[in-house]
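Visitor: Can you walk me through this one? I'd like to start with the ligand contacts.

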Amino acid sequence: MSEKLNRRDFLKLTAVGTLSLPQVFSSLSCRRPGSRPNIIFILSDDHACQAISAYGSRLIQTPHLDRLAQEGIRFDCSFATNSICAPSRASILTGQYSHQHGVIDNSLEMKSQEGTFPVLFKKSGYQTALVGKWHLKATPVGFDYFSILPGQGHYYNPEFIERDRKYEEHGYVTDIITEKCLAWIKKRDKSKPFFLFMNHKAPHRNWMPGPETLRLFRNEDLPVPETFFDDYRTRCEAARSQEMRIADHAYLSYDLKLFPLNAGEINEQEKTGLAYWNSVYNRLTDEQKKTWEEAYRDENEEFRRKKLEGQELALWKYQRYIKDYLRCIASVDLSVGRLLDFLDKEGLASNTLVIYASDQGFFLGEHGWFDKRFMYEPSIRFPLLIRYPDGVERKVDQKHLVLNVDLAPTLLDMAGLPVPAYMQGKSFKDILEGNEVSDWRDSFYYHYYEYPAVHSVKRHYGVRTSRYKLIHFYHDIDCWEFYDLQADPQEVHNVYNQPDYQKVKDQLMKELNRLKTELGVKPEI
Ligand code: SGN
Ligand code: CA
């Protein structure tokens, strides 16, 4: 694609619209009875619902993800039980909460991979593959083939680890992961069903867009969240002591792509940022660097001319942050489009379940923040789109609280495999199939442990129902918050001390204790 392409051209080029809805339905209705579906699970890293047009994004059009939503089911109440990468991924794999699988934060290794759903799929005769971000330290178990990024991986010219080699690929990580996945599907053993775990690095920090999308959103001002200048007035200290404010904690070079930095711009904080920046930018080839320099130069020069301060400076930082984040997503969206087209061409769409999810949500400037971790909505809610071609009424589910721990049981159930008792999540196959489900959960337990650590978000746990949320911050603090999500969807009024809410607060406190007992949460954690 030409680098000069503007956003409108880009959207036109990538727009769906080749199949009308009735065509889609009829082309999807030929799965052989009794055959086990193939499963492709696309898991992106830190993709917030606010950045998908099917979820009503004010920021970006994602035509290919929207296609998946239209042809499948969009879950509006899907939540991570610990909003951070490795713990959430371990929950997805095991169907267990953090305290049960043991990966309570990003530093820990999974005790065992023996019970993960890919292992069970493989044992039952599925061919299994894993491509992209893994982040679980131990060598993956349960995959016939894997090609993973070491740790967080790199956006440009990334290294990959396979069973017997480590090597570097040239190009942009989202494109490479896509190529690898399509290649694996092509050369699979066609006599067996397959499970492919396609794990994108994007749109994780430091939000480095690919060459195709680097120039999107230029000359546009994107909407700023209403809570961007939140003063945290009613909240516990945790909201003030975090280190994830766009205005204060995003590095000028590494995060905001102000490069090269002038000597006067390098203070103590920026020294750290610059070291990170050099480690990622120096991976680029001279040609890739040239494309980057051309893409950012004019705006960076203009920024320096303006000498912004205070709120104006914070807003400039927000614009730069959000544009790069969304540019990364535009590539993920293109990848989804390529995959869906490929499935059509290969005649696989009719018996392949396609799931799109993220390991958690992300703050896109809400409360002034980037990152996740907090038990507030933008962080814990993750996108969940599922296209299951046969026998499923396509719709939106706005009601059921589904969790990352439910994904393993659901996938096993969909493949006709038993759900082991050690999995704490529940299969939502009936919800997917449009059946009436009378005994679904009406609350869930959340627990975040990674403190002290990067971003300084204090440890906390809590319970969320469809309307209320109770949170307790602990460790070096002892403070409660309570939100009425109906009256206060932005979660800016902590009403923990308001007498009007006493009764419902007591109910939630009871529910929290009930969940802790049911899930076997040890009091000392
Ligand atoms: C890195 C990032 C953090 C991020 C964590 C966890 N810093 O440490 O901003 O919160 O990963 O992210 S960076 O300088 O390395 O980009 S997670 O998605 O893996 O949990
Ligand atoms: Ca993540």
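Guide: A polar backbone atom of Cys85 lies 2.9 Å from an oxygen atom of ligand 1, a polar contact being a pair of N or O atoms within 3.5 Å. This is a predicted model, where local features need pLDDT of at least 70 and side-chain atom pairs count only at pLDDT 80 or more, while totals for chains, interfaces and linings use all residues. Residues are numbered from 1 along each chain as written, ligands are numbered from 1 in written order, and side-chain values use heavy atoms without hydrogens or water.

Visitor: How far is the Gln152 side chain from ligand 1?

Guide: An N or O atom in the side chain of Gln152 is 2.8 Å from a ligand 1 oxygen. For the Asn106 side chain, the distance to an oxygen of ligand 1 is 2.9 Å.

Visitor: What share of ligand 1 does the protein bury?

Guide: 86% of the 460 Å² that ligand 1 exposes when taken alone (Shrake-Rupley method, 1.4 Å probe).

Visitor: Switching to the calcium ion, ligand 2: which residues are its protein donors?

Guide: Asp45, Asp46, Asp359 and Gln360, with donor atoms 2.1 to 2.8 Å away. For Ca, donors are N, O and S atoms within 3.2 Å; water is not among the atoms, so sites may look incomplete.

Visitor: Are Asp45 and Asp46 buried or exposed?

Guide: Both Asp45 and Asp46 are buried (under 20% relative accessible area, 1.4 Å probe, protein chains only).

How values were computed: Buried means under 20% relative accessible area, exposed over 50%, partly exposed in between (1.4 Å probe, protein chains only). A polar contact is a pair of N or O atoms within 3.5 Å; within protein, one must be able to donate a hydrogen and the other to accept it, and residues adjacent in sequence count only if both atoms are side-chain atoms.
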